[in-house]
Amino acid sequence: MGNTEKLAEFASESTYSSLPEVVVKEAKRIVLESIAVMVLGSKLKLGRTIGDVLTKGKESSEAILIGRSERRSLRTAAFYNTAIADCNDSAGGYYRGTFHP
């Protein structure tokens, strides 16, 4: 079994109660931090510009764009919400590389 299969098996068999408390606590912190930097990014000039570009024209309205009243397709919302999370210098205190772990 390859690494991808092992990871998929672990993920599919894991339950909330089977995870160590430290893992649950860190996951919650990361999710909260991610939402916070998305809200911040939505208020910055670059985030507003990205949102303005992505909200031109008609599109399905199945997902929210954080910090905006418009809704867009899942794909557009995923792109926008990810992009605005990177509109500031927040990196969760991780500065040893290009990407956040």
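Partly exposed denotes a relative accessible area between the buried range (under 20%) and the exposed range (over 50%), computed with a 1.4 Å probe on protein chains only. This is a predicted model, in which local features need pLDDT of at least 70, side-chain atom pairs count only at pLDDT 80 or more, and totals for chains, interfaces and linings use all residues. Residues are numbered from 1 along each chain as its sequence is written, and side-chain values use heavy atoms, with hydrogens and water left out.

Q: How many salt bridges does the structure hold?
A: A salt bridge is a side-chain nitrogen of Lys or Arg within 4 Å of a carboxyl oxygen of Asp or Glu. By this criterion, the number of salt bridges in the structure is four.

Q: Which residues do salt bridges with shared partners join into one network?
A: R29 pairs with E26 at 2.6 Å, N to O, and with E33 at 3.2 Å between the closest N and O atoms. Both R29 and E26 belong to helix α2 (residues 21-43), three residues apart; helices (H or I, at least four residues) and strands (E, at least two) are DSSP runs, numbered from the N terminus. E33 lies four residues from R29 in helix α2, about one turn. The network therefore consists of E26, R29 and E33.

Q: Is D52 buried or partly exposed?
A: D52 meets R68 in a salt bridge of 3.1 Å, N to O. This pair ties together parts 16 residues apart in sequence, because R68 lies in the loop between β1 (63-64) and β2 (71-72) and D52 in helix α3 (residues 45-54). With a relative accessibility of 39%, D52 is partly exposed.
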